[in-house]
Amino acid sequence: MPDSTNTDAPSRNATRGRYRFREYHVTTVPDPLALPAFTAVCVTGEEHNCGAASGTLHTPDELTRWIAGHCAATGHELYEQTSRTLLRAEPRAWQ
């Protein structure tokens with residue numbers, strides 16, 4: 001029996017919609033046309049981090065050279081590295 005104080009409320013026997021989710025697989029592969037991006041930030045320091053940044057470089061060797069140069073100039077030994085790569089999603093058929 002519906003609640004007489006709230007006539008706009010749906011009744012308990014209202015039909016509910018159902019959604020069926022199937023298994024869907026997606027694989028990712030690096031985009032061969034996009035250059036990867038590497039950055040490093042010097043995090044050496046007791047009171048605060050040095051904060052020197054390499055900027056965006058496109059090979060691990062360039063990044064290592066920048067770190068080696070900064071280490072030689074300052075003696076700093078701790079760095080945070082970030083790598084970015086564009087990925088292409090390759091969806092497969094619904095299961």
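Pro-30 touches Thr-85, Leu-86 and Leu-87 once residues up to four places away in sequence are set aside, where a contact means heavy atoms within 4.5 Å. The residue is found in strand β1. Helices here are DSSP runs of H or I with at least four residues, strands are runs of E with at least two, and both are numbered from the N terminus. The C-alpha atoms of Pro-30 and Thr-85 are 6.6 Å apart in space, although 55 residues separate the two in sequence. At 53% relative accessibility, Pro-30 counts as exposed. For that scale, buried means under 20% relative accessible area, exposed means over 50%, and partly exposed lies in between, with a 1.4 Å probe and protein chains only.

A word on the ground rules. This is a predicted model, in which local features need pLDDT of at least 70 and side-chain atom pairs count only at pLDDT 80 or more, while totals for chains, interfaces and linings use all residues. Residues are numbered from 1 along each chain as its sequence is written, and side-chain values use heavy atoms, with hydrogens and water left out.

**The chain as a whole**

The chain has 1 helix and 4 strands, arranged along the sequence as β-β-α-β-β. Of its 95 residues, 12% count as buried. The accessible surface comes to about 8400 Å², and carbon and sulfur atoms hold 51% of that; these areas come from the Shrake-Rupley method with a 1.4 Å probe, and for residues only the protein chains shown count as cover. Among contacts with a separation of 6 or more, 60% join residues 24 or more positions apart.

**The salt bridge**

How many salt bridges does a search of the whole structure find? The search gives 1, taking a salt bridge as a side-chain nitrogen of Lys or Arg within 4 Å of a carboxyl oxygen of Asp or Glu. The side chains of Arg-88 and Asp-31 form it, at 3.0 Å from N to O. Arg-88 lies in strand β4 (residues 87–91) and Asp-31 in the loop between β1 (26–30) and β2 (37–42), so the pair ties together parts that are 57 residues apart in sequence. Arg-88 is partly exposed, at a relative accessible area of 43%, whereas Asp-31 is buried at 16%.

**The cysteines**

The whole structure contains 0 disulfides, a disulfide being a pair of cysteine sulfur atoms within 2.5 Å. Cys-71 is in no disulfide either, with the sulfur of Cys-42 as its nearest cysteine sulfur at 8.7 Å. Cys-42 is buried, at 0% relative accessibility, while Cys-71 is partly exposed at 29%.

**The helix and its surroundings**

Helix α1 has 15 residues and reaches 21 Å from its first C-alpha to its last, close to the 21 Å expected at 1.5 Å a residue; the expected span is 1.5 Å times one less than the number of residues. Just after α1, Gly-75 takes a positive phi of about 80°.

His-70 sits in helix α1. Beyond its neighbours within four places in sequence, His-70 is in contact with Cys-42, Cys-50, Ala-52, Gly-75, His-76 and Tyr-79.

Setting aside neighbours within four places, Ser-54 is in contact with Phe-38, Thr-39, Ala-40, Leu-63 and Trp-66. Val-43 has its place in the loop between β2 and α1 too, and with the neighbours within four places left out, Val-43 is in contact with Asn-49, Leu-78, Tyr-79 and Glu-80. The C-alpha atoms of Val-43 and His-76 are 8.4 Å apart, across 33 residues of sequence.

| Residue | Relative accessible area | Class |
|---|---|---|
| Ser-54 | 14% | buried |
| Val-43 | 21% | partly exposed |
| His-70 | 12% | buried |
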